[in-house]
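Please keep the sequence and the structure in view while reading.

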Amino acid sequence: MAVAVRGNRVGSSGGSVLRSFFSYRIFVSAMFTLLFLATLSVLLTSHPSHNDSVVDASGNAHVRRSFLAWQSDPVKTRLDLIYNQANNHIALVNAYATYARKLKLEISKQLKMFDDLAQNFSDLQLKQTYRTALFESDGPVDEDVLRQFEKEVKDKVKIARLMIAENKESYDNQLKIQKLKDTIFAVNELLVKAKKNGVFASLIAAKSTPKSLHCLAMRLMEERIAHPEKYVDDEPGPELEDPNLYHYALFSDNVIAISVVVNSVVKNAEEPWKHVFHVVTDRMNFAATKVWFKMRPLQGGAHIEIKAVDDFKFLNPSYAPVLKQLQSAKLRKYYFETRAENTSTDVNNMKYRNPKYLSMLNHLRFYLPELYPKLHKILFLDDDVVIQKDLTALWRIDMDGKVNGAVSTCFGSFHRYSEYLNFSHPLIKQKFSPRACAWAFGMNIFDLDAWRQEKCTEQYHYWQDLVSHYALAIYYLNILLVIYIPIIWSLNHMVNECQNEDRSLWKMGTLPAGLVTFYSTTKPLDKAWHVLGLGINPSISMEEIEKAAVIHFSGDMKPWLDIAMNLYKHLWTKYVDNEMEFVQMCNFGM
């Protein structure tokens with residue numbers, strides 16, 4: 001009886017499979033019916049293509065469409081749409097039919113296997129030898145026959161279990177769900193890895209020097225070496241220190257970017273002879289920059305001064321915290337080792353691992369009063385901006401005693417101080433409000449007199465190196481190392497907590513340092529003065545861009561890189577001096 005019940009159960013499974021098979025047949029039939037109806041609709045709504053004239057029953061003549069008329073007829077668009085729709089459904093139905101045939105073959109195979117197995121169990125029970133000796137005999141059971149029967153039953157049970165185990169996946173929903181979860185997890189891991197590699201590749205592209213830019217610098221240096229007599233330094237004129245003129249500060253190691261900024265200011269200035277540019281570059285690009293502006297003098301009588309950062313001798317490790325931080329092996333590894341395995345697990349913070357954030361050239365903006373002691377006001381410009389209007393009105397803005405005039409970037413909960421500073425640090429939490437509105441570097445009008453009065457450079461040093469006096473205390477306490485180990489450990493811990501070497505105060509960069517330096521001394525400017533994001537945001541409207549006095553290619557996709565956004569690149573390239581012979585030779589592809 002046990003065998004009979006088992007056989008019935010297997011037969012029931014076979015019936016379930018059979019029902020699934022007929023369901024697929026019904027599905028395929030329905031899909032072919034849909035295909036037939038779509039094709040019939042196309043045939044009924046199509047038009048004849050002969051050039052003949054036909055006459056209907058009422059005697060009215062109808063000219064059939066010629067081939068050219070067919071092409072120009074707007075109804076053809078609708079016909080093409082219906083025709084393509086029918087073709088798409090043909091492909092879809094064929095795909096489903098192929099899959100259904102595959103399923104049909106698999107299900108038929110399984111159905112036959114289970115039916116055969118059920119039949120084997122039934123045949124075993126109905127076998128004459130076993131029926132006579134085991135089920136229909138009134139006498140004692142023959143043990144030899146029973147052992148043989150038991151052996152055959154166990155063999156068939158073993159086969160049944162193997163078959164069920166092999167096909168269990170097709171019917172076990174819980175197993176399918178688990179496999180789906182495992183697949184989703186594996187795909188998500190691949191997505192995270194691909195995203196990290198993509199950000200890393202973008203970081204490399206943004207940090208690398210393009211071949212054309214390197215070529216330009218080399219050509220300019222070659223010209224300087226070949227004709228040194230042409231590039232003798234002129235005596236600085238009095239206009240460089242005249243506070244009545246309009247002075248600009250521009251710090252960059254990119255020759256072509258410097259030229260674009262200067263050209264765009266001069267071309268849009270109403271009185272270009274009143275504009276003075278103070279350019280500071282690194283030692284490597286110093287000669288190349290001077291050669292460029294010797295070969296391509298400024299138009300309209302504008303003035304330019306070019307210096308190297310090394311010319312300012314007061315900037316040394318004992319005075320500038322950034323130069324002191326460069327002596328840290330930990331920071332050098334963090335910023336200068338460009339390997340994928342050294343990247344942060346947080347891809348959103350990888351953009352802060354740019355060596356420019358530790359460049360003295362990038363931090364010169366915090367020393368403007370010392371760089372230009374005789375000036376009262378100066379406009380700071382980044383090298384990735386383009387000027388579209390005359391900017392002299394900025395010098396006439398009433399700063400209300402503030403030091404920094406800048407455009408605010410906050411909206412809603414975005415671009416607040418909490419986004420740039422670490423408010424879990426007690427010093428940050430004590431001094432600043434997380435809801436304070438951030439502003440933008442790139443175009444800033446600085447009142448240098450107010451700067452000196454507010455001692456902003458000292459504030460910058462304070463936040464860059466909060467407890468430098470502890471270092472001297474530790475030096476002397478090291479002499480009593482054995483006795484004062486707990487004190488020394490505590491002081492070292494305080495230094496590490498308070499200094500920003502481990503980036504515990506803020507993410508690296510000049511903007512967070514500027515936010516803490518000019519926290520209460522920044523005057524918000526009208527947003528039309530400065531529009532940002534042309535190197536990262538493709539959704540900025542052209543209307544907003546056209547109204548802006550300064551547009552800023554902030555982001556990784558700088559206009560001189562291959563990864564620049566073509567949508568905005570022309571706004572920058574129109575100020576490139578394409579008549580300059582070295583620009584043509586270096587194939588800038590403008």
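## A buried cysteine

Cys 456 is buried, because its relative accessible area is 1%, and burial here means a value under 20%. The model under discussion is a predicted one. Cys 456 belongs to the contact that helix H16 makes with helix H19, a contact treated in the section on H19 and H16 below.

## The disulfide of Cys 215 and Cys 586

Over the whole structure, a search finds 2 disulfides. One of them is formed by Cys 215 and Cys 586, whose sulfur atoms lie 2.1 Å apart. The two cysteines link distant parts of the chain and are 371 residues apart. Cys 215 is located in helix H7, which covers residues 211–226, while Cys 586 is in the segment after helix H22 (581–585).

The torsion about the S-S bond of Cys 215 and Cys 586 is about -75°, and the disulfide is therefore left-handed. Are the two partners buried or exposed, wholly or in part? Cys 215 has 21% relative accessibility and so counts as partly exposed. Cys 586, by contrast, has a relative accessible area of 6% and is buried.

## The disulfide of Cys 410 and Cys 437

Cys 410 and Cys 437 also form a disulfide, with 1.8 Å between their sulfur atoms. The link is left-handed, with -100° about the S-S bond.

With a relative accessible area of 18%, Cys 410 is buried, whereas Cys 437, at 26% relative accessibility, is partly exposed. When bonded cysteines are counted along the chain, the disulfides follow the pattern 1-4, 2-3.

## Helix H7 against helix H9

H7, the helix that holds Cys 215, packs with helix H9 (residues 283–295) at an angle of about 75°, and the axes are 8 Å apart. H7 is therefore roughly perpendicular to H9.

From H7, the contact involves Leu 216, Ala 217, Leu 220, Met 221, Glu 223 and Arg 224. These meet Asn 285, Ala 287, Ala 288, Val 291, Trp 292 and Met 295 of H9. By class, the residues of this contact comprise 9 nonpolar, 1 polar and 2 charged.

How many of the 8 residues of helix H19 (residues 510–517) are buried? The number is 7, so H19 is largely enclosed by the rest of the structure. The buried residues are Thr 510, Pro 512, Ala 513, Gly 514, Leu 515, Val 516 and Thr 517. They pack against helix H12 (360–363) and helix H16 (456–464).

The axes of H16 and H19 come within 9 Å and cross at roughly 120°, which means that H16 is oblique to H19. The crossing of H16 past H19 is right-handed. On the H16 side the contact is made by Cys 456, Gln 459, Tyr 460, Trp 463 and Gln 464, and on the H19 side by Ala 513, Val 516 and Thr 517. The contact of H16 with H19 contains 5 nonpolar and 3 polar residues, and no charged ones.

Conventions: Residues numbered from 1 in each chain as written. Predicted model: local features only at pLDDT ≥ 70, side-chain atom pairs only at ≥ 80, totals over all residues. Heavy atoms only, no water. Disulfide = S-S within 2.5 Å. Helix = DSSP H or I, 4+ residues; strand = E, 2+ residues; numbered from the N terminus. Buried < 20%, exposed > 50% of the residue type's maximum accessible area, 1.4 Å probe, protein only. Axes fitted to C-alpha atoms, helices over the stretch in contact; angles between N-to-C directions. Parallel < 35°, antiparallel > 145°, perpendicular 65-115°, else oblique. Contact = heavy atoms within 4.5 Å. Nonpolar A, V, L, I, M, F, W, Y, C, P; charged D, E, K, R; others polar. Left-handed = near helix turned anticlockwise from the far one by under 90°.
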